[in-house]
Amino acid sequence: MKHEWRKAEKQYYLPKNKPELVEIPPFKFFTISGKGNPNDDLFAEYIGVLYSLAYAVKMSPKKGLAPDGYFDYTVYPLEGVWDLSQEAKQKAESGTFDKNDLVFKLMIRQPAFVTDDFAMQMLEQVKVKKPHPLLDEVSFEEINDGLNVQMLHLGSYDDEPESFRLMDEFAKQEGYERVLKAHREIYLNDARKVSADKLKTILRFEVRKAE
């Protein structure tokens with residue numbers, strides 16, 4: 001039976017549009033880091049490189065390369081961890097903000113059967129089939145996010161500050177505090193294909209018990 005993350009892993013990918021606590025276990029990802037405005041053309045190339053790897057893994061049986069334990073599945077959604085560069089943090093303190101100063105780590109989760117060796121095999125294959133300079137920047141790693149506050153944000157990315165305000169309030173009420181200013185976003189639909197008011201984005205940040 002095909003593994004559908006929307007159905008099988010609802011606790012991670014179908015939260016309500018109100019804050020909640022969630023424990024995120026370790027997951028494996030193809031990742032790539034960068035800096036700049038997400039509206040720039042180059043940003044789309046970062047995304048394209050990750051998806052080329054994600055689909056290489058999914059389609060590996062057709063190439064006779066399926067690893068041990070392979071099962072059919074739906075490709076996981078794009079995720080991004082966002083933070084501000086040092087310059088942007090200084091600007092933010094003075095009341096200004098420039099998207100060109102954003103720093104990001106984009107990623108697509110991989111099924112548990114993807115080992116380090118197999119991930120590198122797929123990376124080398126894609127470098128041959130679909131060469132791109134950004135492939136040299138890709139890593140394969142396990143990430144353990146631990147305890148987080150999350151919620152589903154509906155609408156434009158520019159309106160996310162209000163959702164983060166609700167999440168911060170919830171965390172404080174529950175006796176928690178943010179570990180870092182950086183946050184994670186999981187994109188459940190494609191901004192190129194739906195209007196801003198129809199966007200669905202999971203927002204998360206790591207928390208710990210307040211001291």
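## Exercises: pocket, buried aspartate and cores

The largest pocket holds about 1600 Å³ of space. The model is predicted.

**Exercise 1.** Work out which elements supply the lining of the largest pocket, and which classes of residue it has.

*Solution.* 
1. List the elements. At least two lining residues come from each of α1 (5–8), α3 (41–58), β3 (78–84), α4 (86–93), α6 (160–173) and β8 (183–187).
2. Find the largest share. α3 gives 7 residues to the lining.
3. Sort by class. The lining has 23 nonpolar, 16 charged and 5 polar residues.

**Exercise 2.** Locate Asp145, decide whether Asp145 is buried or exposed, and find its side-chain partner.

*Solution.* 
1. Check the area. Asp145 has a relative accessible area of 14%. Buried means under 20%, so Asp145 is buried.
2. List the contacts. Leaving out residues up to four places away in sequence, Asp145 touches Ile24, Arg184 and Glu206.
3. Look for a polar contact. The side chains of Asp145 and Arg184 are joined by one of 2.8 Å.

**Exercise 3.** Describe the largest nonpolar core and the surroundings of Phe30.

*Solution.* 
1. Take the core. It has 45 residues, and Phe30, Val57 and Leu106 have the most contacts inside it.
2. Find the main contributor. α3 supplies the largest share of this core, 9 residues.
3. Follow Phe30. Its contacts beyond four places in sequence include Leu50, Leu53, Val57, Leu106, Ile108 and Phe140.
4. Look for another core. A second, separate one has 10 residues, including Met151, Met167, Ala171 and Tyr176.

Terms used. Residues are numbered from 1 along each chain as its sequence is written. This is a predicted model: local features need pLDDT of at least 70, side-chain atom pairs count only at pLDDT 80 or more; totals for chains, interfaces and linings use all residues. Side-chain values use heavy atoms; hydrogens and water are left out. On a 1 Å grid over the protein atoms alone, a cavity is a set of points where a 1.4 Å probe fits but cannot get out, and a pocket is an open set with protein on both sides within 12 Å along at least five of seven lines; lining residues have an atom within 4 Å of a point. Grid points are joined across faces, edges and corners, and a volume is the space filled by probe spheres set on the points. Helices (H or I, at least four residues) and strands (E, at least two) are DSSP runs, numbered from the N terminus. Ala, Val, Leu, Ile, Met, Phe, Trp, Tyr, Cys and Pro count as nonpolar, Asp, Glu, Lys and Arg as charged, and the others, Gly among them, as polar. Buried means under 20% relative accessible area, exposed over 50%, partly exposed in between (1.4 Å probe, protein chains only). A polar contact is a pair of N or O atoms within 3.5 Å; within protein, one must be able to donate a hydrogen and the other to accept it, and residues adjacent in sequence count only if both atoms are side-chain atoms. Contact means heavy atoms within 4.5 Å. A nonpolar core is a set of buried Ala, Val, Leu, Ile, Met, Phe, Trp, Tyr and Cys residues joined through side-chain atoms within 4.5 Å.
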